[in-house]
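Hi,

Here is the structure I said I'd send over. Have a look first, and then read on for what turned up in it.

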Amino acid sequence: MTGDPGLMSGGWGDVPGDTALSVYLPVADPLVRTGIPAHVTVLYPFLPLARLTGAVRDELAALVAGHAAFELTLAEFRRYPGVLYLDPRPADPLRELTRAVRERWPEAVPYRGIFGAAGLEPHLTVANHEGPATWETAYDALEGELAPLLPLTAPVGHVDLIAWDGASWGLRERLPLGRAGTKSHRGR
């Protein structure tokens with residue numbers, strides 16, 4: 001599950017066989033009002049499922065393992081128009097993972113290019129169901145309700161490869177990150 005507005009329901013033009021890389025943060029599940037697990041997207045879409053041969057999966061696993069495990073703190077709400085999200089900090093390990101995957105597979109353009117070549121900043125979507133007339137007031141109230149539950153911290157020890165089957169996203173593979181102190185890959 002990729003954590004982005006409309007993505008889980010196929011709102012981004014998902015087709016069966018689409019894949020994504022995500023970081024699940026179950027500690028934040030009680031805050032999320034999207035009906036999907038709490039997560040931050042590393043890259044959506046990734047490669048089509050048909051291209052994920054054993055060699056590609058091995059290369060992806062090695063790339064992910066070249067990045068150290070880390071911890072995220074969720075302490076601040078932010079907004080995109082119509083979207084309330086939590087700003088994960090530090091964001092650099094997430095950005096670095098995305099950068100490394102994109103360097104290796106440049107054809108995997110974040111969000112199909114809808115938000116430009118760079119995509120969106122790392123975020124954990126809390127709610128994205130309000131329309132233009134109500135989202136500010138609704139999200140002010142939701143922030144007030146949820147703020148006492150913050151900050152949250154979450155260890156990140158893996159990245160999940162998920163795939164869209166036409167009806168839902170499902171886990172295909174859990175890719176472990178390296179241990180603390182592991183140096184990141186700087187391209188291939």
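Let's begin with the rings: Y44, Y111, F115, W164 and W169 are joined into a cluster by ring pairs. Before you get attached to any detail, remember that this is a predicted model. In total, the structure has seven aromatic pairs.

One of those is F46 with W105, an edge-to-face pair with 5.2 Å from centre to centre and 90° between the planes. What I like about this pair is where the two partners come from. F46 sits in the loop between β2 and α1, W105 sits in the loop between α2 and β5, and 59 residues separate them, so the pair links distant parts of the chain.

An α-helix has 3.6 residues a turn, so residues three or four places apart point the same way. W135 counts as buried at 14% relative accessibility, and Y139 does at 1%.

Now the sheet. It is an open one of four strands, in the order β5-β4-β3-β6, with antiparallel pairing. Which strands stand at the edges? They are β5 (124–127) and β6 (152–156); each has a single partner strand, so one side of each is left without a neighbour in the sheet. On average, neighbouring strands are turned by 40° against each other, direction ignored.

β3 and β6 run antiparallel and are joined by five bridges. F70 has V156 in β6 as its bridge partner, and E71 stands opposite P155 in β6. On the β4 side, six bridges pair β3 and β4 in the antiparallel sense, and L74 has P88 in β4 as its bridge partner. β3 and β4 also form a hairpin with two residues between them, and G82 in the turn has a positive phi of about 80°.

Two helices go with these strands. α2 lies across β3 and β4 and runs at about 90° to β3. Helix α3 (residues 135–146) packs on the sheet, where it touches β3, β4 and β5, and its direction makes about 145° with that of β3.

I also checked the length of α2. Helix α2 has 13 residues (92–104), so at 1.5 Å a residue it should span 18 Å; its end C-alpha atoms are 18 Å apart, which agrees. Which residues of α2 are buried? They are L94, E96, L97, T98, A100 and V101. Their cover includes β1 (19–24), β2 (39–43), α1 (54–65), β3 (70–80), β4 (83–89) and β7 (158–164).

Last, a word on confidence. The protein chain averages a pLDDT of 89, and 89% of the residues score at least 70. Residues 1–10 have a pLDDT below 50, although this stretch has 44 contacts in the model beyond near neighbours in sequence. Residues 181–188 are also below 50, with 24 contacts in the model beyond near neighbours in sequence.

Cheers

Methods: Residues numbered from 1 in each chain as written. Predicted model: local features only at pLDDT ≥ 70, side-chain atom pairs only at ≥ 80, totals over all residues. Heavy atoms only, no water. Expected span 1.5 Å × (residues − 1). Buried < 20%, exposed > 50% of the residue type's maximum accessible area, 1.4 Å probe, protein only. Contact = heavy atoms within 4.5 Å. pLDDT = per-residue confidence, 0-100. Pairing = 2+ DSSP bridges. Axes fitted to C-alpha atoms, helices over the stretch in contact; angles between N-to-C directions. Phe/Tyr/Trp six-rings, centres within 6.5 Å; stacked < 30°, edge-to-face > 60°.
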